[in-house]
Amino acid sequence: VEANSYTTAIEWEAAWITNYYIYGKGYARIVRNGRTGRPKEYINLEPWQVEEVWNDGERVYKYTDPDTQELAVIKSRDMLHLSGFSHNNKKVYSRATMNKTVLQDYLNMQTYGTEMYTNGTQMTGLLISEGAMDIQALELLRASMERKYSQKSGQLGALPRGVKYQELRHMMPMADANLIEAKKLSIEDIARAYGVPLTLIQRGESADNKGDNEFNMFLSTTIAALCLKIENEFKRKIFRSSERDYYVKYDYTGLIRTDYKTKMEGLGKAIENGILNRDEARSVLGLSPIPNGLGKVFSAPMNFMPLDQFINYNPTSNNNG
């Protein structure tokens with residue numbers, strides 16, 4: 001319901017995971033009950049305020065509070081730690097670091113595009129004079145036109161006698177088209193770096209079946225992998241050594257995208273074969289349990305029998321058991 005008195009569970013987890021994806025490290029301090037030692041609160045810590053120190057093979061975290069500048073030394077068992085890629089499980093690389101070139105290319109294109117349009121590198125028209133004009137007169141005319149019309153619209157234009165304005169009518173300039181395409185490619189590279197299908201950022205084909213397949217792949221390869229890291233860290237830190245039979249498990253079955261008919265047929269088969277009861281199947285659909293506990297009963301076909309009985313089963317015998 002909540003990670004602490006000022007943060008909901010969703011807000012806390014979102015910040016924790018975001019720090020992990022950006023900085024390669026997500027830190028959440030476990031505040032325990034002083035009497036029982038059970039986790040009472042989870043507090044997100046700024047990754048740049050945490051220093052990891054190794055002492056006799058044990059990892060210890062030194063955290064400097066940015067408000068009070070107080071130093072806290074946190075044991076490994078009291079820190080939920082999501083870490084990025086590492087060769088030795090000590091020095092960690094964030095995805096931003098590993099994809100620095102891709103991110104820098106995108107920032108360079110953003111800067112270039114801003115400067116290009118700010119400086120007005122695209123010509124929109126020509127001033128044509130019937131007679132000869134010296135360089136000074138031409139520059140004065142052009143400067144006056146730019147000063148009067150470049151930042152404003154809807155004004156009445158007036159040109160000196162013998163000078164006319166010819167608008168350049170053309171399609172999108174090649175430089176603009178190349179810039180837009182390059183930015184698209186950079187965005188796609190960033191999406192790939194974080195394991196996000198292009199259909200989720202509205203790029204690529206938008207066919208329903210293709211989008212569903214890509215989302216399911218995203219769920220199984222990116223989201224599930226992240227869930228496994230979180231599940232394992234929770235299991236290591238919040239249960240006692242005598243409670244290792246307990247574990248944390250994310251249930252993302254209901255997120256799998258498929259058409260309604262296929263989903264209902266799959267749930268029907270699961271109920272029919274006793275894999276799910278009706279309440280469990282209804283929870284996948286976001287429905288309430290059946291009243292009076294009737295949905296908690298597991299069912300199975302009556303014509304099934306144990307395999308050891310099936311070996312000796314003789315349908316022609318009068319007494320087949």
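Arg236 counts as partly exposed, at 46% relative accessibility. Partly exposed here is the range between buried, under 20% relative accessible area, and exposed, over 50%, with a 1.4 Å probe and protein chains only. Arg236 forms a salt bridge with Glu233, and the closest N and O atoms are 3.0 Å apart. A salt bridge means a side-chain nitrogen of Lys or Arg within 4 Å of a carboxyl oxygen of Asp or Glu. Side chains of opposite charge can pair when their charged atoms come close. The two residues are three apart in helix H6, so about one helical turn separates them. Glu233 is buried, with a relative accessible area of 5%.

Before I go on, a word on the source. This is a predicted model, in which local features need pLDDT of at least 70 and side-chain atom pairs count only at pLDDT 80 or more, while totals for chains, interfaces and linings use all residues. Residues are numbered from 1 along each chain as its sequence is written, and side-chain values use heavy atoms, with hydrogens and water left out.

Now the overall picture. The protein chain has nine helices and twelve strands; these are DSSP runs numbered from the N terminus, helices (H or I) of at least four residues and strands (E) of at least two. Of its 321 residues, 24% count as buried. Its accessible surface comes to about 23,200 Å², and 53% of that belongs to carbon and sulfur atoms. Accessible areas come from the Shrake-Rupley method with a 1.4 Å probe, and for residues only the protein chains shown count as cover. Contact means heavy atoms within 4.5 Å. Among contacts between residues at least 6 apart in sequence, 51% join residues at least 24 apart.

Back to charges. How many salt bridges does a search of the whole structure find? The search finds nine. One of them joins Glu52 and Lys25, with the closest N and O atoms 3.8 Å apart. Glu52 lies in strand E5 (residues 50-55) and Lys25 in strand E3, so this pair ties together parts that are 27 residues apart in sequence. Glu52 is buried at 17% relative accessibility, whereas Lys25 is partly exposed at 23%. Lys25 and Glu52 also belong to a network of salt bridges with Arg59.

Another salt bridge is between Arg192 and Asp189, where the closest N and O atoms are 3.2 Å apart. Both sit in helix H5 (residues 174-193), three residues apart, which means about one helical turn between them. Asp189 is partly exposed, at 34% relative accessible area.

Next, His81. This residue is in strand E8 (residues 79-83). Is His81 buried or exposed? At 8% relative accessibility, His81 counts as buried. Its side chain makes a polar contact of 2.9 Å with the side chain of Tyr61. A polar contact is a pair of N or O atoms within 3.5 Å; within protein, one must be able to donate a hydrogen and the other to accept it, and residues adjacent in sequence count only if both atoms are side-chain atoms. Leaving aside neighbours within four places in sequence, the contacts of His81 include Lys25, Tyr27, Glu52, Arg59, Tyr61 and Glu233. Several of those names have come up already.

On to the rings. The structure holds eleven aromatic pairs. Which kind of pair do Tyr27 and Tyr61 form? Their ring centres are 5.6 Å apart and their planes at 70°, so the pair is edge-to-face. This pair links distant parts of the chain, with Tyr27 in strand E3 (residues 25-32) and Tyr61 in strand E6 (residues 58-64), 34 residues apart. Tyr27 is buried at 0% relative accessible area, and Tyr61 is buried at 1%. The rings of Phe215 and Phe218 have centres 6.3 Å apart and planes at 55°, so that pair is tilted. As for the cut-offs, rings of Phe, Tyr and Trp (its six-membered ring) pair if their centres lie within 6.5 Å; planes under 30 degrees apart count as stacked, over 60 as edge-to-face and the rest as tilted. Phe215 and Phe218 both lie in helix H6 (residues 208-238), three residues apart, and both are buried. Ring pairs also link Trp12, Trp16, Tyr42 and Phe234 into a cluster.

Last, a methionine. Met133 is in the loop between strand E11 (125-129) and helix H4 (135-149). Met133 is partly exposed, at 32% relative accessibility. Not counting residues up to four places away in sequence, Met133 touches Leu138, Leu141 and Val163.
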